[in-house]
Amino acid sequence: MAQTIEVPTDAELLQAQADLWRHNLYYLSSMGLRCAVELEIPTAIHRLGGAASLLDLMSALSLPSVKMPFLRRVMRVLVTSGVFAADNDSGSEAIYCLTPLSRILVHGVVADEHHSQKYFVLGVTSPHYTEAAMGLASWFKKDHEPPVPSPFEDICGVPLCDDRTPLLDKELDDVVTQGLAAHDNLGIATVMRECHDLFKGLDSLTDCGGGDGTTARAIIKAYPHIKCTVLDLPKVVDKAPADGVVTYVAGDLFHSVPSSQAVMLKLVLHFWSDEDCVKILAQCKKAIPSREEGGKIIIIEIVVGPSLGPIMFEAQLLMDMLMMVNSKGRQRDENDWSKLFVEAGFTDYKIVKKLGARCVIEVYP
């Protein structure tokens with residue numbers, strides 16, 4: 001073992017100390033965000049007309065006046081991290097405003113293209129999630145037999161998003177289910193605006209894991225001629241609205257996918273292992289016609305890569321860590337996706353467009 005070590009310069013040492021604080025204390029930023037969501041601060045600011053002083057918030061949230069100095073400190077962190085904006089140039093009390101990030105945390109508002117991410121925040125910052133992440137070192141040391149369980153399953157005894165999850169914690173299962181639904185529906189209108197030819201020429205489409213049909217209804221609204229079918233688990237389909245617009249099929253995409261010209265897998269495959277993804281894609285391939293007849297798979301997923309810049313790249317890598325800790329799936333780079341498509345028997349694919357941290361991919365039989 002080396003008995004010497006390179007000593008940083010004074011400037012490097014001071015920067016390293018600040019970096020150490022940031023990396024070790026980032027969880028407090030996450031907990032501050034969770035606190036704001038639980039208190040419904042974004043919703044309160046929205047209801048106050050989009051701008052509110054600290055005193056306004058204290059009153060709207062019915063918080064004890066003794067907590068006002070502490071709320072100011074939490075809001076200062078959330079402003080610095082971009083959750084909220086603050087106007088206090090005049091030196092007077094800050095006026096807090098919503099940013100694009102906090103707008104998607106406004107809850108209880110029914111509007112086109114608005115899908116509150118409240119339950120996504122509450123899910124990923126829940127005690128079960130954080131406990132699983134804190135157990136990473138112990139999990140790495142265990143010599144598990146394949147298939148290797150996720151740290152979540154290893155600690156909690158059941159997988160996440162499984163029929164057994166409610167037995168662990170019914171409230172967690174409900175929060176995660178609502179969070180995933182809102183997370184998956186966010187941005188579908190952007191996809192349709194930015195990818196004009198994605199649904200062009202289609203007469204039918206199956207949305208695998210389409211939940212309550214929110215995405216399918218958005219597609220039908222824009223393309224009334226497309227017959228949309230949603231495939232999901234019986235427990236999901238049983239709660240879906242019977243509006244006569246969308247056809248619902250209760251089933252399992254590992255065993256059968258309803259036939260259609262195109263099949264959509266929107267934020268589905270990242271939850272599954274490579275082996276399971278190949279099985280899912282093979283079932284989808286059976287459900288569509290040839291490429292000449294317009295058959296294709298539409299995949300909306302993260303394609304990991306640094307081309308979008310460091311912030312988007314970091315977001316992608318953190319989403320991969322989320323998958324590693326809580327599921328058997330992962331986020332994939334283009335090479336990973338290409339290998340899956342080949343193994344499942346597809347002949348070609350095209351990345352249609354990069355939209356934020358995600359991509360729209362067409363895969364052809």
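Begin by selecting Arg330, which counts as partly exposed at 28% relative accessibility, where buried means under 20% relative accessible area, exposed over 50% and partly exposed in between, with a 1.4 Å probe and protein chains only. Before going further, note that this is a predicted model, in which local features need pLDDT of at least 70 and side-chain atom pairs count only at pLDDT 80 or more, while totals for chains, interfaces and linings use all residues. Residues are numbered from 1 along each chain as its sequence is written, and side-chain values use heavy atoms, with hydrogens and water left out.

Helices (H or I, at least four residues) and strands (E, at least two) are DSSP runs numbered from the N terminus. Asp274 is also partly exposed, with 25% relative accessibility.

Next, select Glu194 and Lys353, which form a salt bridge with their closest N and O atoms 2.8 Å apart. Here too distant parts of the chain are linked, with Glu194 in helix 12 (residues 188–194) and Lys353 in strand 10 (residues 348–355), 159 residues apart. Glu194 is partly exposed at a relative accessible area of 36%, and Lys353 is partly exposed at 32%.

For the next stop, go to helix 1 (residues 10–39), where Glu38 and Arg34 lie four residues apart, about one turn of the helix. Their side chains meet in a salt bridge (3.5 Å, N to O). A search of the whole structure finds 16 salt bridges.

Now colour the chain by domain: the assignment, whose bounds come from an automatic or database source, gives domain 1 (10–109), domain 2 (123–180) and domain 3 (188–364). The centres of domain 1 and domain 3, taken over C-alpha atoms, are separated by 35 Å. Then select residues 139–346, where an unreviewed UniProt entry places the feature "domain: O-methyltransferase C-terminal"; such annotations may be inferred rather than shown by experiment. The end C-alpha atoms of that span lie 36 Å apart, and the span is 43% helix and 15% strand.

Finally, select the whole protein chain, which contains 17 helices and 11 strands. Its radius of gyration, taken over C-alpha atoms, is 23 Å, close to the 21 Å that the globule rule (2.2 Å times the number of residues to the power 0.38) gives for 365 residues, so the chain is as compact as a globular protein of that length. Along its principal axes the C-alpha trace spans about 65 × 65 × 40 Å, and 43% of the 365 residues count as buried.

How values were computed. Salt bridge = Lys/Arg side-chain N within 4 Å of Asp/Glu carboxyl O.
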